[in-house]
Amino acid sequence: MARTATIVRETSESKVELSLNLDGTGKTDIDTSVPFYNHMMTALGKHSLIDLKIKATGDTDIDAHHTVEDIAIVFGEALKQALGDKRGIRRFADATVPLDEALAKAVVDISGRPYCVCTGEPEGFEYCMIGGRFTGSLVRHVMESIAMHAGICLHLHVISGRDPHHIAEAEFKALARALRFAIEPDPRVDGIPSTKGAL
């Protein structure tokens with residue numbers, strides 16, 4: 001069965017059209033209307049090997065927040081939908097990813113129980129403006145929104161970093177690599193990888 005999903009979400013603040021294929025090659029077509037977020041979601045698709053297409057518009061004349069958040073919500077919902085009952089997946093994975101002086105680690109559990117812990121971002125990172133419209137605080141908000149709407153447990157830790165662009169990109173790439181392995185079919189797993197029999 002194909003592990004794919006297509007979701008359209010439209011509110012008074014944004015319109016998001018998103019489709020993904022968990023068993024892709026990392027092919028992306030991203031237009032979020034927020035340039036730095038395009039870069040981050042392209043990296044997320046590329047390094048998770050999830051084929052990802054996003055077309056979004058919103059009230060970015062007010063702030064990028066609404067559009068960025070709604071895309072993260074839809075990505076999480078699509079991830080959950082495409083995973084189905086999670087039969088045969090590896091479930092747990094972690095990845096540590098460097099980007100020059102920055103280093104980030106992501107640990108995920110495709111658990112069905114949403115939780116997100118983000119630590120280690122340097123003081124003041126949340127106030128940094130990256131690429132003109134994207135604030136550092138949005139990184140954590142994106143991660144929380146994905147985790148909550150996908151029903152996954154995510155621990156994300158910034159180990160080191162100085163440049164806000166590098167820190168954010170290392171975080172997105174660490175999540176991508178952890179997701180790649182957690183959602184991957186494991187040929188040794190028969191059924192759902194939980195002692196409860198459900199995730």
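Q: How do you know that the span of helix α2 is close to the expected one?
A: Helix α2 covers residues 65–83, which is 19 residues, and reaches 27 Å from its first C-alpha to its last. Just after α2, Gly 84 has a positive phi of about 60°.

Q: What kind of model is this, and how are residues numbered?
A: This is a predicted model, in which local features need pLDDT of at least 70, side-chain atom pairs count only at pLDDT 80 or more, and totals for chains, interfaces and linings use all residues. Residues are numbered from 1 along each chain as its sequence is written, and side-chain values use heavy atoms, with hydrogens and water left out.

Q: Why is Cys 153 called buried?
A: Buried means under 20% relative accessible area, exposed means over 50%, and partly exposed lies in between (1.4 Å probe, protein chains only). Cys 153 has 18%, so it counts as buried. Cys 118, at 12%, is buried too.

Q: What makes β2 and β4 a pair?
A: Strands (E, at least two residues) and helices (H or I, at least four) are DSSP runs, numbered from the N terminus. Two strands pair if DSSP finds at least two bridges between them. Strand β2 (residues 14–21) and strand β4 (residues 51–58) are joined by 8 bridges, so they pair, and they run antiparallel. Leu 18 stands opposite Ile 54 in β4, and Lys 15 has Thr 57 in β4 as its bridge partner.

Q: Which sense of pairing do β3 and β4 have?
A: They pair in the parallel sense, over 4 bridges. Thr 28 has Leu 52 in β4 as its bridge partner.

Q: Why are β1 and β3 said to stand at the edges?
A: The open sheet of 4 strands has the order β1-β2-β4-β3, with mixed pairing. β1 (4–10) and β3 (28–31) each have a single partner strand, so one side of each has no neighbour in the sheet.

How values were computed: The expected span of a helix is 1.5 Å times one less than its number of residues.
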